[in-house]
Amino acid sequence: MTKTIRELNRHYYISIVVLAVFFLIVIFRVIGFGTPVRVTMTAEMYAIGITLLLIPVALKLFAEKVKKIPKGTGKARTMKSYKDAWLLRMYIVNAVTAGNIFLYALSQSKNFIWLAVISFIVYMFCKPSCQELETVVGESEGVK
């Protein structure tokens, strides 16, 4: 079980570090992305809507997938289901964060910076927990 949590923690921290480095590179303009592209208000509204929609969807999707693990499922299968659900949630949040950073790099619109910051805050709710995994495994095995 700790092996699974270590692997998920590795994904978690690598994701944050890679995206934070990308964020800092874009903010400090270490790499030039050319002339900023003018983004319409409609495009910004869609980006805001997609960000604010995908973040709760990712969190809820994880909870639903974990909740749907049938009782009596073996420990190995439960841990695999938990890991798959966790990775799906993580990569949805990664895609949203990277998308907002990339849109800022292209347009220099401050709205995308704030959406990226909001996306980074979401990572606090995604940290894998050994205690949570033990609870999920215990519930799926029928032990409380």
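Predicted model: local features only at pLDDT ≥ 70, side-chain atom pairs only at ≥ 80, totals over all residues.
Ring pairs link F23, F120 and Y123 into a cluster, where rings of Phe, Tyr and Trp (its six-membered ring) pair if their centres lie within 6.5 Å, and planes under 30 degrees apart count as stacked, over 60 as edge-to-face and the rest as tilted. Residues are numbered from 1 along each chain as its sequence is written, and side-chain values use heavy atoms, with hydrogens and water left out.

By the ring rule, the count comes to four aromatic pairs. One of them joins Y12 and Y13 edge-to-face, at 5.0 Å centre to centre and with 80° between the planes. In F120 and Y123 the ring centres are 6.0 Å apart and the planes stand at 40°, so this pair is tilted. Are Y12 and Y123 buried or exposed? Buried means under 20% relative accessible area, exposed over 50%, and partly exposed in between, with a 1.4 Å probe and protein chains only; Y12 is therefore buried at 6%, and Y123 is buried at 2%, while Y13, at 44%, is partly exposed.

Y123 also brings us to N94, which touches S15, L19 and Y123, leaving aside residues up to four places away in sequence, and contact here means heavy atoms within 4.5 Å. N94 lies in helix α3, residues 75-107, helices being DSSP runs of H or I with at least four residues, numbered from the N terminus, and with a relative accessible area of 10% N94 is buried.

Next, F22 belongs to helix α1, residues 2-27, and is partly exposed at 24%. Not counting residues up to four places away in sequence, F22 touches F33, A98, I101 and F102.

Finally, which way do helices α2 and α4 run relative to each other? The axes of α2 (residues 41-67) and α4 (residues 110-122) come within 11 Å and cross at roughly 5°, which makes α2 roughly parallel to α4, since angles under 35 degrees count as roughly parallel; the axes are lines fitted to C-alpha atoms over the stretch in contact, with angles from 0 to 180 degrees between N-to-C directions. On the α2 side the contact includes E44, I48 and I55, and on the α4 side it includes F112, L115 and V122.

Terms used: Helix = DSSP H or I, 4+ residues; strand = E, 2+ residues; numbered from the N terminus. Parallel < 35°, antiparallel > 145°, perpendicular 65-115°, else oblique.
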